[in-house]
Amino acid sequence: MNLKYTIALLTFLTVFYFVPASAQTKKTTDKKQPAKTAKKPAAKPATTKKANAKTLGDAASKVQAADTTKKGGQNNAPNNNSSLAEEIVVTTSYKPVLAEAVKIRRNPDLEDKMPYKAPLSYTPLDKKLAQDNNIRQLDAMKRPQEQDSTQYNNYAKAGIGSMKTTFGEAYFGNGKDEALQVGGYVKHLAQSGSSLNKQNDSRQEIGVFGKSIGTDNTLSGRITYKRHQTYFYGLDQDLTPPPVFDPAKQTFNTIGAEGEIAKNFKDEENAFTYAAKFNGYIFNNAYSAKESNIVLSGYLNKTVKQFYAGLSASLDLGSQKDIAYSNNNSIIRANPYIKFQGDNYKIDAGVNIAKEFGMSDRFYIFPAAKLELQVVPKYVRLFAEAKGDINKASIRDFTDTNPFLGENINLINSVDKLDITLGLKGTLAPGLGFKAAIYRNSIKNLPLFVNNFAATTNKYQVIYDNGDARVSGFNGELDFKASEDVNVYGRVEIKDYKMASEAQPWNLPKFILTAGASIHVNDKVDINGSLMFRGSTQDPLQLATSTPTAPVYTNVKSFADLSGGVTYKINKQFSVFAQANNILNATSKTWVYYPNYGFNIFGGVGYAF
């Protein structure tokens, strides 16, 4: 049965292949004779397969005879030399059988898809292959260009407060210039207390400055004017009834100037450095006191490997006048030195030669030596120092400390004969620095401020401890920078006095503590605070219960002064601030009969432009 089906299929394919091909390729041999259609004689059907083949062949012949060409008339026309073109159409009825359906297992993909292949290009690297077993040194990266925010060169603050306080500050500058800086400032602060008549204090300051950085040298200078006004308002408030008096006014004026030229630092071997400086001022008060002073100083230094050899010197020329005297008080100094410096040590060895001339004629040679030794590398250093010098008596310096001094201040230069200090300094932890030292000083003619109430009612004078006083003590400093936004600091001073001629170190405290903190809360708010604690002192004013054999002196009580402030930044230009002083409202006194200001608060606004 399979053989029969095979023969029939082959016959069917033969008819479909050869008959159309023969019809399409048939050519006319004689153009004058019409085309003839040959009929294939029928054969006897021997089998069923042959009968099917005959049937298919007859159908194909009938179709061919019925429509051999659609354009036969035109192509066979006489005198037509063109070739015969025939179009043969074969139409058969398709009857699929089961065997053909079985052969197609799935539908074919009729879409013509050609995958895209990108052209490949190869670029060889012109680079030497590096070994990975060693860490390669990183190349320096170029720092990106900084984009500065808007900067303002000028700033001003103004405010008012509870004690008729008026406050103002202003700062001016030429802007960001690495080679030239020029600017100026103005300051003002005035207060009026309420406990005593004319308990007023007013301070003003004006200054201009400039700095020019050249290729080899740097020039800098400034000119300042300071004015301080107060009253001798001190009065014994225990007197009944209290006396009525009009306090006298006191005013201090100081005009100062300074200039300096210094060689710029250069990282070179065997460097030679130098500097020269001028400093001077003119001072006067509301009475007859006048003082002028000029200081010329400089130094030369030569580096030879680990050695530094040099000389520093100064010429201090002073003139002091009052009703009772006119003095020339001058000092010349020279300090030759040599320094040794290594990784774990630093040694300064030298002497300080000082010569007085004018109202005094004395000559001294003092030691000037200092040693630093690394105890814990990069953390703790041990230092020791031995030095001495002449301390120049100055009307301006004395009145800066006690503005209630009277006329004709007694002026005697004191001498630090030998100051010995031993201590440690360094870093205990990241951001935590410290310094602690013990010392012992021998001072000749130690100046002291004492009352002169018997003669002037409410003024002070200066006396001296005749002989060599010994001062021993301890100084400690601590600075903790917790972060870029929090900084806390503190300092303590403890002193012990062994006087040569005086009974007590009059009005000199034996204990002083100062501490403070600054906190940057955010870009808008800054907070600051400070604390000062001053120990008790003694004034030689004898009480009514005193006797010549057992004198009782006036005790000035210890006190604490706590202050704090806050600043709020509205925007880049405007800000507001508030400051509160003596928050504890302590009824403290620094000098007898002269109480300090109580609690006061002031605030205002700041503007940058």
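Visitor: Which side chain does Asp468 meet in a salt bridge?
Guide: A salt bridge here is a side-chain nitrogen of Lys or Arg within 4 Å of a carboxyl oxygen of Asp or Glu. For Asp468, the N to O distance is 3.1 Å. The partner is Lys417.

Visitor: What kind of model is this?
Guide: Residues are numbered from 1 along each chain as its sequence is written, and side-chain values use heavy atoms, leaving out hydrogens and water. Local features need pLDDT of at least 70, side-chain atom pairs count only at pLDDT 80 or more, and totals for chains, interfaces and linings use all residues; what you see is a predicted model.

Visitor: Is Asp468 buried, partly exposed or exposed?
Guide: Buried means under 20% relative accessible area and exposed over 50%, with partly exposed in between (1.4 Å probe, protein chains only). Asp468 has a relative accessible area of 38%, so the class is partly exposed.

Visitor: Which residue stands opposite Asp468?
Guide: Strand β15 (residues 432-451) runs antiparallel to β16 (residues 460-481), and 19 bridges join them. Two strands count as paired if DSSP finds at least two bridges between them. Opposite Asp468 in β16 stands Lys444.

Visitor: How many residues lie between β16 and β17 in their hairpin?
Guide: These strands pair in the antiparallel sense over twelve bridges, with Val488 in β17 as the bridge partner of Phe480. The loop between them holds Glu484. The number of residues between the two strands is four.

Visitor: Is Glu484 buried or exposed?
Guide: Glu484 gathers with Asp485, Asp523 and Asp526 in a surface patch of negative charge. Patches use residues with over 30% relative accessible area and no salt bridge, joining like charges within 9 Å and nonpolar side chains (Val, Leu, Ile, Met, Phe, Trp, Tyr) within 5 Å. At 70% relative accessibility, Glu484 counts as exposed.

Visitor: What is the relative accessible area of Lys510?
Guide: Lys510 belongs to a surface patch of positive charge with Arg440, Arg470 and Lys498. Its place is in the loop between β17 (486-498) and β18 (511-520). Lys510 is partly exposed, because its relative accessible area is 39%.

Note on methods. Areas by Shrake-Rupley, 256 points an atom, 1.4 Å probe, with all protein chains shown as cover. Lys, Arg positive; Asp, Glu negative; His and termini not counted. Charge placed at Lys NZ, Arg CZ, Asp CG, Glu CD.
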